[in-house]
Amino acid sequence: MENHTLLQICAHDQCGFAPVIRFQSWRIAMSNAMVDERAVELSCHMETDESFVLLHGECTLLVAGGDETYGPVHAVRMPQEVVYNVPKGVWHTHLMQANAKLLIIENEGTGAANSQRMDLSPEEGMRLERLAAKAADSLESIYDSGTRV
């Protein structure tokens with residue numbers, strides 16, 4: 001990261017997740033996939049939303065309601081340069097294809113202390129991957145109407 005008085009310039013080109021900017025109580029991170037991701041777990045943040053923007057490549061976002069365990073899973077193929085906000089309390093994961101790049105905005109304090117993680121069995125992971133492969137290209141697959149700005 002170049003740190004200038006007037007501007008911070010950040011990049012992340014390595015594999016995986018890395019915070020690139022921290023400000024006040026928020027962080028902006030990037031995640032890069034070098035190979036196709038597998039469905040191995042779902043996350044649920046109990047105190048804050050998490051937002052995603054696909055910058056490059058292909059990615060499917062999987063979301064589900066539920067409390068201790070997740071309910072029916074919905075998949076949406078993420079077009080580039082569209083913001084997807086996952087509200088607190090929603091189970092979710094994303095499956096990026098090789099060479100995809102994802103921007104993630106979340107509260108700086110988001111972590112194990114205020115989030116739940118559910119490991120998926122290999123069979124359940126494969127079921128979610130099949131669902132992701134059939135994902136729709138729009139939010140209408142999840143909601144009757146989405147919010148457009």
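Helices, of at least four residues, and strands, of at least two, are DSSP runs, numbered from the N terminus. With that in hand, open the model, which is a predicted one, and colour it by these elements.

**The whole chain**

The protein chain holds 12 strands and one helix. Follow the chain from the N terminus and the elements read β-β-β-β-β-β-β-β-β-β-β-β-α. The chain has 149 residues, and 38% of them are buried. Its accessible surface is about 9000 Å², with 52% of that belonging to carbon and sulfur atoms. Of the contacts between residues at least 6 apart in sequence, 75% join residues at least 24 apart.

**Stop 1: Leu6, Leu7 and Ile9**

Select these three residues and show their side chains. Together they form a nonpolar patch on the surface, with about 350 Å² of accessible area. Look at Leu6, which sits in the loop between strand E1 (2-3) and strand E2 (8-9). Is Leu6 buried or exposed? Its relative accessible area is 83%, so Leu6 counts as exposed.

**Stop 2**

Select residues 16-23, which are strand E3; it pairs with E4 in the antiparallel sense over seven bridges. Within this pair, Phe17 is opposite Ser31 in E4. The hairpin of E3 and E4 has two residues between the strands, and Gln24 there has a positive phi near 45°.

Ala29 is opposite Ile104 in E11. As for E4, five of its seven residues are buried, and the strand is mostly covered.

**Stop 3: Trp26**

Zoom in on Trp26, in strand E4 (residues 26-32). Trp26 has a relative accessible area of 31%, so it is partly exposed. Which residues does Trp26 contact, leaving aside its neighbours within four places in sequence? They are Ile21, Thr48, Ile105, Glu106, Asn107 and Glu108. Take Asn107 and draw a distance between the two C-alpha atoms: Trp26 and Asn107 are 4.4 Å apart in space, although 81 residues apart in sequence. The side chain of Trp26 also has a polar contact of 3.5 Å with that of Ser25.

**Stop 4: a salt-bridge network**

Side chains of opposite charge can pair when their charged atoms come close. The count for this model is seven salt bridges. Select Arg22 and Glu108, which form one of them, with the closest N and O atoms 2.7 Å apart. Arg22 is in strand E3 and Glu108 is in the loop between E11 and E12, so this pair links distant parts of the chain, 86 residues apart. Glu108 is partly exposed, at 26% relative accessible area.

Next, select Glu106 and Arg27, whose side chains meet in a salt bridge at 2.8 Å, N to O. Because Glu106 lies in strand E11 and Arg27 in strand E4, this pair ties together parts that are 79 residues apart in sequence. Glu106 and Arg27 are both buried.

Keep Arg27 selected and bring back Glu108. These two side chains also meet in a salt bridge, at 3.9 Å, N to O. Here the pair links the loop between E11 and E12 with strand E4, 81 residues apart. Show all of these side chains at once: salt bridges that share partners join Arg22, Arg27, Glu106 and Glu108 into one network.

**Stop 5: strand E5**

Select residues 41-45. Why is strand E5 described as largely enclosed by the rest of the structure? Four of its five residues are buried. Strand E12 (residues 115-119) runs antiparallel to E5, and five bridges join the two.

**Stop 6: two loops**

Go to Glu81, in the loop between strand E8 (73-77) and strand E9 (83-86). Glu81 is not a glycine, yet its phi is positive, near 65°. Glu81 counts as exposed, at 68% relative accessibility.

Then move to Asn99, in the loop between strand E10 (91-96) and strand E11 (101-107). Asn99 has a positive phi near 75°, again in a residue other than glycine. With a relative accessible area of 51%, and the limit for exposed being over 50%, Asn99 is exposed.

**Stop 7: the helix**

Finish at helix H1 (residues 122-133) and select Glu129 in it. Glu129 is buried, because its relative accessible area is 18% and buried means under 20%. Not counting residues up to four places away in sequence, Glu129 touches Arg38, Ala39 and Leu95.

Terms used. Residues numbered from 1 in each chain as written. Predicted model: local features only at pLDDT ≥ 70, side-chain atom pairs only at ≥ 80, totals over all residues. Heavy atoms only, no water. Buried < 20%, exposed > 50% of the residue type's maximum accessible area, 1.4 Å probe, protein only. Contact = heavy atoms within 4.5 Å. Areas by Shrake-Rupley, 256 points an atom, 1.4 Å probe, with all protein chains shown as cover. Patch = residues over 30% accessible without salt bridge, like charges linked within 9 Å, V, L, I, M, F, W, Y side chains within 5 Å. Salt bridge = Lys/Arg side-chain N within 4 Å of Asp/Glu carboxyl O. Pairing = 2+ DSSP bridges. Polar contact = N/O pair within 3.5 Å; in protein donor to acceptor, adjacent residues only side chain to side chain.
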